[in-house]
Amino acid sequence: MTETPQGGLSTVRNAARLLKVFRSREADLGVSELARRLGLGKSTVHRMLTTLVAEGLIEQNPRTGGYRLGIVMFELGEAVRVHMDLHAAVGPVLDGHEVVYVDRLESAHSLRLFTETGRRVPVHCTSSGKVLLAYLPEARRQAVLRTAPLTALTPHSITSRSQLEAELDRVRRRGWADAVNEREIGVASIAAPVRDVSGEVVAAISIGVPLARCSVMALRRLAPVIMEAAEAASRRLGWPGEVSRPLQQRKEG
């Protein structure tokens, strides 16, 4: 697994900022106005819009030429409908070195992934598990890493503690995790953290796809969307907004 270049991280962050602009609920917005609000060049904004339109996350109004959220955003928004009592259920979300799925929303496509609610899976080979493990306080994370059997479920599973620690560091830096062919060949997923009112990471939201239907690059381009969905879920749990770097460092210490 290769690390995303810094330029890629910047593009993901700007795409996320662009999508957030549409929370204003205006009918549609033009390139110039979006560029002004984001403080970016028009050409940069236009390139991002072209990509987001291709993925169905944004659509262009054929009458005005402006842009608005696409139908895929509505579909993904439905995935954010986590239980309001999630905070009470998060105790078993990460249990020892296993992840427990507490809710799911199935795709409308005939080719689906079947992950049963309540099922336990190893923490090291799933995107949700990586997120939950990455944001544990340092002492708890090291305790899990010392005892977790890093079993190779596929040839792509992470089985080295040092490799897993490096992967978790990447997760914290970019704010999301992925897992490609690590638990099951032909399956990939991305996940982002859900926080409670104090800013603690208490759960994760993930998107899983069969690679026969979606490429790894296409899935990773949805990282801004999954982070937005996780932020929306966090706000429903009372989280007031972005966690500052000093707070993150205190949580890690």
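How many helices and strands are there in the protein? There are eleven helices and eight strands. The model is a predicted one. Of the 253 residues in the protein, 45% are buried. Contacts can also be sorted by how far apart the residues sit along the chain. Among contacts with a separation of 6 or more, 59% are between residues 24 or more positions apart.

Three strands form it, in the order 6-7-8. The sheet is open, and its pairing is antiparallel. Strand 6 (177-180) and strand 8 (201-210) are the edge strands, each pairing on one side only. On average, neighbouring strands of this sheet are turned by 20 degrees against each other, direction ignored.

Now follow the chain through these strands. Strand 6 is joined to strand 7 (residues 187-195) by four bridges. The two run antiparallel. What is the phi of Asn181, which is not a glycine? Its phi is positive, about 60 degrees. Is Asn181 buried or exposed? Asn181 has 15% relative accessibility, so it counts as buried; the cut-off for buried is under 20%.

Next comes the step from strand 7 to strand 8. These two strands form a hairpin, with five residues between them. Gly199 lies in the turn and has a positive phi of about 95 degrees. How many bridges join strand 7 to strand 8? There are nine, and the strands run antiparallel. Ile190 has Ile207 in strand 8 as its bridge partner. Strand 8 is an edge strand, yet it is mostly covered. Seven of its ten residues are buried. In a regular strand, side chains alternate between the two faces of the sheet.

Which helices meet this sheet? Helix 6 (residues 127-134) lies across strand 6, strand 7 and strand 8. Helix 6 runs at about 160 degrees to strand 8. Helix 10 (residues 223-236) packs on the sheet too, touching strand 7 and strand 8. The direction of helix 10 makes about 35 degrees with that of strand 7.

Helix 8 has 14 residues. From its first C-alpha to its last it reaches 20 Å, close to the 20 Å expected at 1.5 Å a residue. Which residues of helix 8 are buried? They are Leu164, Glu167, Leu168, Arg170, Val171 and Arg174. These residues cover an arc of only 155 degrees around the axis, so they fall on the same side of helix 8. After helix 8 comes Gly175, with a positive phi near 90 degrees.

Last, look at the cysteines. How many disulfides does the protein have? The count comes to zero. For a disulfide, two cysteine sulfur atoms must lie within 2.5 Å. Cys125 has 2% relative accessibility, so it counts as buried. Cys214 stands at 18% relative accessibility, and therefore Cys214 counts as buried as well.

Conventions. Residues numbered from 1 in each chain as written. Predicted model: local features only at pLDDT ≥ 70, side-chain atom pairs only at ≥ 80, totals over all residues. Heavy atoms only, no water. Buried < 20%, exposed > 50% of the residue type's maximum accessible area, 1.4 Å probe, protein only. Expected span 1.5 Å × (residues − 1). Arc of directions from axis to C-beta. Pairing = 2+ DSSP bridges. Axes fitted to C-alpha atoms, helices over the stretch in contact; angles between N-to-C directions. Contact = heavy atoms within 4.5 Å.
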